[in-house]
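Colleague: I would like to learn how to read aromatic rings and a helix in a model. Can you take me through them?

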Amino acid sequence: APVGLTAIVLGAALTEYLDQIEFNRWVEEAIVEYWKLLGYKVDSTPEEEKSSSGEFYSSIFVLLVTGIWTFVLSVMVNAPTESLEKKEL
């Protein structure tokens, strides 16, 4: 249970931080710039349409971070402890 709770807290804090720095807008602008760099013609969307598109990229980022966090903590918690007999051999 503590592993899940730490993931919830991490996800909430990371979501708030990414919202404050406007991570989603930054990623959208970077994608447009990379497509332009590759030579593709990119249609600019109005600012209102961008803001109503949701928080897709930040949600994916939070999902990845909390998934890795949960995996690492679960492996650490469920790792077998080495007994003194094995250390002596």
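Modeller: Start with the ring cluster. Ring pairs link Phe 23, Trp 26 and Phe 61 into a cluster. Rings of Phe, Tyr and Trp (its six-membered ring) pair if their centres lie within 6.5 Å; planes under 30 degrees apart count as stacked, over 60 as edge-to-face and the rest as tilted. This is a predicted model: local features need pLDDT of at least 70, side-chain atom pairs count only at pLDDT 80 or more, and totals for chains, interfaces and linings use all residues. Residues are numbered from 1 along each chain as its sequence is written, and side-chain values use heavy atoms, without hydrogens and water.

Colleague: How many aromatic pairs does a search of the whole structure find?

Modeller: A pair of aromatic rings is described by the distance of the centres and the angle of the planes. The search finds four pairs. One of them joins Trp 35 and Tyr 40, edge-to-face, at 4.8 Å centre to centre and 70 degrees between the planes. Phe 56 and Tyr 57 have ring centres 5.3 Å apart and planes at 75 degrees, so this pair is edge-to-face.

Colleague: Which residues of H1 are buried?

Modeller: Buried means under 20% relative accessible area, exposed over 50%, partly exposed in between (1.4 Å probe, protein chains only). Helices are DSSP runs of H or I, at least four residues, numbered from the N terminus. In H1, Val 3, Ala 7, Gly 11, Leu 14 and Leu 18 are buried. Seen down the axis of H1, they fall within an arc of 75 degrees, so they line one face. The arc is that of the directions from the helix axis to the C-beta atoms.

Colleague: What does the face of H1 turned away from its buried side carry?

Modeller: Exposed residues: Pro 2, Leu 5, Ile 8, Val 9 and Gln 20.

Note on methods:
Helices (H or I, at least four residues) and strands (E, at least two) are DSSP runs, numbered from the N terminus.
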